[in-house]
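Thanks, everyone, for making the time.

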Amino acid sequence: MVGGESEDTPGVTREERAAIEAAYGEIPVLGCKGLCSEVCRDVIPVYGPEMRLLIARVGPPPPPRERGECPFLREGNCSIYEHRPFVCRIHGAVSIKTRHPGIYEPWICPHGCEPQTWLST
């Protein structure tokens with residue numbers, strides 16, 4: 001094990017894990033109904049320490065699918081929901097418009113799931 005790595009998450013330092021978990025802790029809890037799998041039909045960006053943490057917790061992702069959907073999507077449900085990445089956790093909890101060029105719609109759940117408080121900048 002490399003110095004500073006966490007025993008239960010090899011490849012991720014204690015500091016990285018603490019920072020990721022702190023970020024997750026800032027995301028409001030969403031009363032998810034499990035109806036938004038259509039947003040899992042695109043490539044989900046997960047990089048660096050968060051990807052290494054995900055691999056340490058659930059193993060490497062399955063091979064990409066033909067239609068580009070998330071490889072962890074199983075029968076319309078997230079097979080790693082408890083360990084899902086940041087970008088998945090904030091879906092439906094963001095009260096601002098995205099800052100990505102060409103995307104100007106709020107990231108609000110189309111099925112009426114709402115957090116008790118909204119994540120905003």
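Let me begin with a question: with which residue does E21 form a salt bridge? The partner is R17, and the closest N and O atoms of the two are 3.8 Å apart, where a salt bridge is taken to be a side-chain nitrogen of Lys or Arg within 4 Å of a carboxyl oxygen of Asp or Glu. Before I go on, a word on the basis of all this: the model is predicted, so local features need pLDDT of at least 70 and side-chain atom pairs count only at pLDDT 80 or more, while totals for chains, interfaces and linings use all residues. Residues are numbered from 1 along each chain as its sequence is written, and side-chain values use heavy atoms, with hydrogens and water left out.

Back to the pair. E21 and R17 are four residues apart in helix α1, and therefore about one helical turn separates them; helices here are DSSP runs of H or I with at least four residues, numbered from the N terminus. E21 is partly exposed at 34% relative accessibility, and R17 is partly exposed as well, with a relative accessible area of 21%. For these labels, buried means under 20% relative accessible area, exposed over 50%, and partly exposed in between, with a 1.4 Å probe and protein chains only.

E21 also meets the side chain of R57 in a salt bridge, at 2.3 Å from N to O. This pair links distant parts of the chain, since R57 lies in helix α2 and E21 in helix α1, 36 residues apart. R57 itself counts as partly exposed, at 30% relative accessibility. Taken together, R17, E21 and R57 are linked in a network of salt bridges.

The whole structure holds three salt bridges, and one of them joins the side chains of R52 and E16, at 3.2 Å from N to O. Here too distant parts of the chain are linked, with R52 in helix α2 (residues 48–58) and E16 in helix α1 (residues 14–25), 36 residues apart. R52 is partly exposed at 35% relative accessibility, and E16 is partly exposed at 22%.

Now the cysteines. How many disulfides are there? The count is zero, where a disulfide is a pair of cysteine sulfur atoms within 2.5 Å. The sulfur of C70 is too far for a bond because the closest cysteine sulfur, in C40, is 6.0 Å away. C88 is likewise in no disulfide, its nearest cysteine sulfur being that of C70, at 6.2 Å. As for accessibility, C70 is buried at 14%, whereas C88 is partly exposed at 27%.

Key:
Helix = DSSP H or I, 4+ residues; strand = E, 2+ residues; numbered from the N terminus.
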